[in-house]
Amino acid sequence: MKMSVIGTGYLGAVHAACMAHIGHEVVAYDTDAAKIATLSTGASPFYEPGFDELLAEVLATGRLRFTQSVQEAVTGASVHFVCVGTPQLAGSDAANIAYVDSAFRSVAAHADCDGLVVGKSTVPVGTAQRLAAEVAETSSEHRLEVAWNPEFLREGKAIEDTLAPDRLVFGVTSEYAEKTLQEVYGSIIEAGTPHLTADLPTSELVKVAANAFLATKISFINAMAEVCEIVDADVVTLSRALGYDDRIGKRFLNAGLGFGGGCLPKDIRAFSARAGELGASDALRFLHEVDKINLRRREKAVAVARALVGGDFLGKSIAVLGAAFKPNSDDVRDSPALNVAAAMHLKGADVRVHDPKAIENAKARFPTLGYFDSAEEACRNADLIVLATEWDEYCNIDPASFRSVVKQARLLDTRNAIDRDYWTGAGWQVYSLGRGGLTG
Ligand code: UDX
């Protein structure tokens, strides 16, 4: 099928390449000239395992092109995927849906044949219905219909999550829309992927409800970590014991520095803001608490780090391992790691940051922190190491040989990622969030 993809950020670029991979002819559009130029050469503007290879493969087939002309993208296509961002509005918890509105308007203005405009962006519930009415009004010459098909892709697993998702959700208002989406995802459905048909508001809600649930699960275990810290219990063992219960499950139950990134924090805030507009504030009030628990973990990490360097950051050298909001990503949006690094720097510490992939993005956000090309350099003569993002590289550090690198063999493991006994056995003092005090 011929399709356009509007927006080539994380979601749009991966979606466009995956659609071409399963045989569709795709033209992807973005207003950002630099991004289009980079993608057209087969390079990725962001780090995502396997994406460079996928891009090379589909560009070679000629089934994927990138353009800065929305008309070129839309012309001749019968399916249009809107994949633009919905960032948090400045000074508010609500989502900024201006880019979504403008994308739908552009498609309606340029479409030259009948087709389906499919929203993939995460939007406040009710947006799809409003856009469906607007598109129906503006597209008098051609029959354009709106559908919603939320994405659930995780950074670091974006390709797998697109080509073999846990489920597909089709928010539709007609049989034509449902059939069209079934055709788009034909090979993925044939491979056994569950697919559900829903009305427009339900399909919008699935996405925000999923993220709200995941955020709640993380904050639940982090709330337990707070209690563990008071009574000298061990949240890692607690989490493991809880996870054996199938009704609870072990995933997303890792206590640590909490959630960050471009989705969970802003999505739960936007969901709460939307609930307020709909008169349903009481139903989602708990999400405010989920947010607060999450942010308290960052404060706790800074407080523990300060105590570990003797109560005052001034004149202390602290190595921060990790800047990305999670491993296998170069994304530093609302990154707990970088937030903790910046807070310690503001309080007077000499902060030395390393990350395998996110240094450039981190530098752009916090240029005054010290950045180093290797974990070893970042840790040289440090009074304390703060492990803030659990990259494999850090979990595989040999603690015995690393002792000679630092000034003080002391580690704050904010992600409960290292083998604490192994490190203490090698002569380190280790503080793991939620697992009692300093060991070793
Ligand atoms: C998330 C959703 O998982 C995805 O379905 C949605 O489409 C977009 O938002 P992503 O932002 O890529 O994906 O990250 P995710 O893997 O969900 O992790 C989010 C944050 O939670 C990270 O900062 C991670 O470190 C943290 N996390 C995750 C925990 O603190 N503990 C856990 O147990 C799991």
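This is a predicted model: local features need pLDDT of at least 70, side-chain atom pairs count only at pLDDT 80 or more; totals for chains, interfaces and linings use all residues.

Colleague: Why is Arg 435 called buried?

Modeller: Its relative accessible area is 19%. Buried means under 20%. So Arg 435 counts as buried.

Colleague: Where does Arg 435 sit?

Modeller: In the segment after β14, which spans 429-432.

Colleague: What makes the pairing of Arg 435 with Asp 234 a polar contact?

Modeller: The two side chains come to 2.8 Å. The limit for such an N or O pair is 3.5 Å. Therefore the pair qualifies.

Colleague: Which residues does Arg 435 touch, leaving aside neighbours within four places in sequence?

Modeller: Ala 233, Asp 234, Val 235 and Val 236 are in contact with Arg 435, and so are Asn 416 and Arg 420.

Colleague: UniProt has a domain at residues 319-420. What is the feature called there?

Modeller: The unreviewed entry gives "domain: UDP-glucose/GDP-mannose dehydrogenase C-terminal". Over residues 319-420 the model has 31% helix and 18% strand. The end C-alpha atoms of that stretch are 18 Å apart.

Colleague: Now the second largest pocket. Which helix gives the largest share of its lining?

Modeller: α13, with 6 residues. Both α12 (264-277) and α13 (281-308) supply at least two. The lining includes Arg 269, Arg 285, His 288 and Asp 291. The volume is about 170 Å³.

Colleague: What makes a space a cavity and not a pocket?

Modeller: In a cavity a 1.4 Å probe fits but cannot get out, whereas a pocket is open. The structure holds 2 cavities of 30 Å³ or more.

Colleague: What lines the largest cavity?

Modeller: There are 15 lining residues, and Lys 120, Glu 151, Phe 152, Asp 161 and Thr 162 lie nearest the centre. The classes are 8 nonpolar, 3 polar and 4 charged. The space is about 140 Å³.

Colleague: And which residues lie nearest the centre of the second largest cavity?

Modeller: Val 123, Pro 124, Val 208, Ala 270 and Phe 271, out of 13 lining residues. α12 gives the largest share, 5 residues. This cavity has a volume of about 90 Å³.

Conventions. Residues are numbered from 1 along each chain as its sequence is written. Side-chain values use heavy atoms; hydrogens and water are left out. Helices (H or I, at least four residues) and strands (E, at least two) are DSSP runs, numbered from the N terminus. Buried means under 20% relative accessible area, exposed over 50%, partly exposed in between (1.4 Å probe, protein chains only). A polar contact is a pair of N or O atoms within 3.5 Å; within protein, one must be able to donate a hydrogen and the other to accept it, and residues adjacent in sequence count only if both atoms are side-chain atoms. Contact means heavy atoms within 4.5 Å. On a 1 Å grid over the protein atoms alone, a cavity is a set of points where a 1.4 Å probe fits but cannot get out, and a pocket is an open set with protein on both sides within 12 Å along at least five of seven lines; lining residues have an atom within 4 Å of a point. Grid points are joined across faces, edges and corners, and a volume is the space filled by probe spheres set on the points. UniProt positions are given in the numbering used here, feature names are shortened, and annotations may be inferred rather than shown by experiment. Ala, Val, Leu, Ile, Met, Phe, Trp, Tyr, Cys and Pro count as nonpolar, Asp, Glu, Lys and Arg as charged, and the others, Gly among them, as polar.
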